[in-house]
Amino acid sequence: MLGVRVDRREAEEIRRILASAGVIDTTRAIIEHGDCVLIPVTAIPSCRYMDGYECEAVSQEFPSRLKREDPIDEIRRAANVPDDLKYLLPDKWELLGDVLVIRIPNKLEPYEKAIAETYAKVLGVKSVLRDMGGVTGEFRTPVMKKILGSDTVAVHKENGVLFKLDVSQIMFSSGNIDERMRASRIACDNEVVVDMFAGIGYFSIPIAVHQSPRRVIACELNPVAFAYLVENIDLNSVRETVEPIRGDNRNLEGESIADRVFMGYVKTTHEYLRTAIRLIRDGGVIHYHETCPCELLPDRPICRLRSAAGDDNVEVLGVREVKSYSPGVSHIVVDARILKSG
Ligand SMILES: C[S@@+](CC[C@H](N)C(=O)[O-])C[C@H]1O[C@@H](n2cnc3c(N)ncnc32)[C@H](O)[C@@H]1O
């Protein structure tokens with residue numbers, strides 16, 4: 001039988017990743033052995049899920065066990081909600097550390113407290129937030145309502161990186177996970193990297209943890225996000241590499257100082273392209289994000305890059321979709337090398 005041997009300290013987190021990749025053999029029991037835990041799997045998951053974790057594929061006999069109940073079945077059974085409304089209980093949720101975020105349809109509004117209690121009990125979390133939909137303003141603040149618990153600060157682990165954040169105040173988009181993973185795998189040895197929209201360190205910290213840049217300049221405008229950025233730099237022991245700068249990235253000083261610029265922001269990112277072009281050195285790469293109507297792809301983001309670059313040459317290295325943003329609108333990222341004219 002196939003299994004994955006993992007460090008006991010990371011076992012629960014890896015188990016969750018394997019579960020979300022759908023490869024856990026639920027007919028078999030997990031084995032605990034000293035500092036290791038052996039998890040039965042039906043296949044080895046793609047390495048994009050497992051990067052940054054210490055784990056090893058093994059051949060191992062696992063004892064059989066009865067299939068564990070799906071949490072949503074347990075939630076549906078236990079929730080104090082009229083039977084004819086139970087189908088509306090959300091079967092998807094966001095779990096950031098031990099804080100849960102759920103979307104509750106309006107019809108279930110009168111039962112939201114009871115619903116939160118059931119989810120908290122079944123999923124073992126300390127607080128439950130109701131996602132009221134969307135993010136607002138230039139800080140991209142999520143619209144959340146606390147429905148259970150008062151402590152909404154979580155430490156979420158992803159890709160071997162710890163992200164501390166107040167989930168009620170700071171966004172953490174699970175839809176951007178592939179892009180955060182990709183950024184952490186871009187080789188940038190000895191480079192100076194500028195992260196213009198650093199947030200709590202979504203890109204800066206994985207890059208510093210998994211690659212060997214000379215320096216990462218992480219700029220963030222929102223004081224709340226900035227405070228977590230500073231904490232997360234410490235939490236992940238990357239103080240030597242990541243320099244947090246609080247303020248508007250358009251005020252970052254210098255010209256041709258960066259080998260690489262990350263522009264992980266949407267909606268108005270093009271307004272910051274002139275700054276990115278000023279900061280990038282000849283031959284450096286800009287990772288430019290944009291939310292774009294699908295029918296304007298890939299021309300609009302490329303034209304915006306070319307227009308901001310003026311006489312400088314833009315060599316497009318790739319255009320990829322980060323996620324679908326809304327119906328007919330795509331969140332994309334363009335990787336472009338800038339060749340300076342003078
Ligand atoms: C929320 S992050 C984007 C999400 C992230 N890329 C991910 O992987 O999920 C964008 C951050 O840019 C910050 N920001 C917005 N305008 C800015 C500016 N002019 N200068 C610096 N930071 C800015 C916001 O406060 C926010 O924290």
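Is arginine 239 buried or exposed? With a relative accessibility of 57%, arginine 239 counts as exposed. Please keep in mind that this is a predicted model. Let's walk through its salt bridges, its aromatic rings and its nonpolar cores.

## Salt bridges

Arginine 239 has a partner: its side chain meets that of aspartate 234 in a salt bridge, at 2.4 Å from N to O. Aspartate 234 is partly exposed, with a relative accessibility of 38%. In total, the structure counts 27 salt bridges.

Another of these joins arginine 15 to glutamate 12, with 2.9 Å from N to O. Both residues belong to helix 1 (residues 11-20), where they are three residues apart, about one turn of the helix. Arginine 15 is partly exposed at 26% relative accessibility, and glutamate 12 is partly exposed at 39%.

Aspartate 83 and lysine 86 also form a salt bridge, at 3.8 Å from N to O. Here the two ends fall into separate classes: aspartate 83 is exposed at 65% relative accessibility, whereas lysine 86 is buried at 13%. Elsewhere, salt bridges link Glu109, Glu112, Arg130 and Lys145 into a network.

## Aromatic pairs

Now for the rings. The model holds seven aromatic pairs. One of them is made by tryptophan 93 and tyrosine 119, an edge-to-face pair with 5.8 Å between the centres and 80° between the planes. Because tryptophan 93 sits in the loop between helix 3 (71-78) and strand 5 (94-96), while tyrosine 119 sits in helix 4 (residues 112-123), this pair ties together parts that are 26 residues apart in sequence. Tryptophan 93 is partly exposed, at 26% relative accessible area, but tyrosine 119 is buried, at 0%.

Why is the pair of tyrosine 265 and tyrosine 272 edge-to-face? Their planes stand at 85°, and planes over 60 degrees apart count as edge-to-face. The ring centres of tyrosine 265 and tyrosine 272 are 6.1 Å apart. Tyrosine 265 is buried at 10% relative accessibility, and tyrosine 272 is buried at 7%. Ring pairs also join Phe163, Phe172 and Tyr202 into a cluster.

## Charges over rings

The charged end of arginine 140 sits over the ring of tyrosine 265, at 4.3 Å from the ring centre. Arginine 180 lies over the face of phenylalanine 172, with 4.4 Å to the ring centre.

## Nonpolar cores

Phenylalanine 172 turns up again in the largest nonpolar core, which has 32 residues. Val167, Ile170, Phe172, Ile200, Val242 and Phe262 are the members that touch the most other members. At least two residues of this core come from each of strand 6 (99-102), strand 10 (161-166), helix 6 (204-210), strand 12 (215-220) and helix 7 (223-235). Helix 7 contributes the most, with five residues. Domain 2 (71-151) and domain 3 (173-339) each supply at least three residues to this core.

What does valine 242 contact, leaving aside its neighbours within four places in sequence? Valine 242 is in contact with Ser204, Ala208, Val216, Ala218 and Ile233. A second, separate core has 27 residues, among them Ile217, Tyr265, Tyr288 and Ala308.

Conventions: Residues numbered from 1 in each chain as written. Predicted model: local features only at pLDDT ≥ 70, side-chain atom pairs only at ≥ 80, totals over all residues. Heavy atoms only, no water. Phe/Tyr/Trp six-rings, centres within 6.5 Å; stacked < 30°, edge-to-face > 60°. Helix = DSSP H or I, 4+ residues; strand = E, 2+ residues; numbered from the N terminus. Buried < 20%, exposed > 50% of the residue type's maximum accessible area, 1.4 Å probe, protein only. Lys NZ or Arg CZ within 6 Å of the ring centre and 35° of its normal. Core = buried A, V, L, I, M, F, W, Y, C linked by side-chain atoms within 4.5 Å. Domains from an automatic or database assignment. Contact = heavy atoms within 4.5 Å. Salt bridge = Lys/Arg side-chain N within 4 Å of Asp/Glu carboxyl O.
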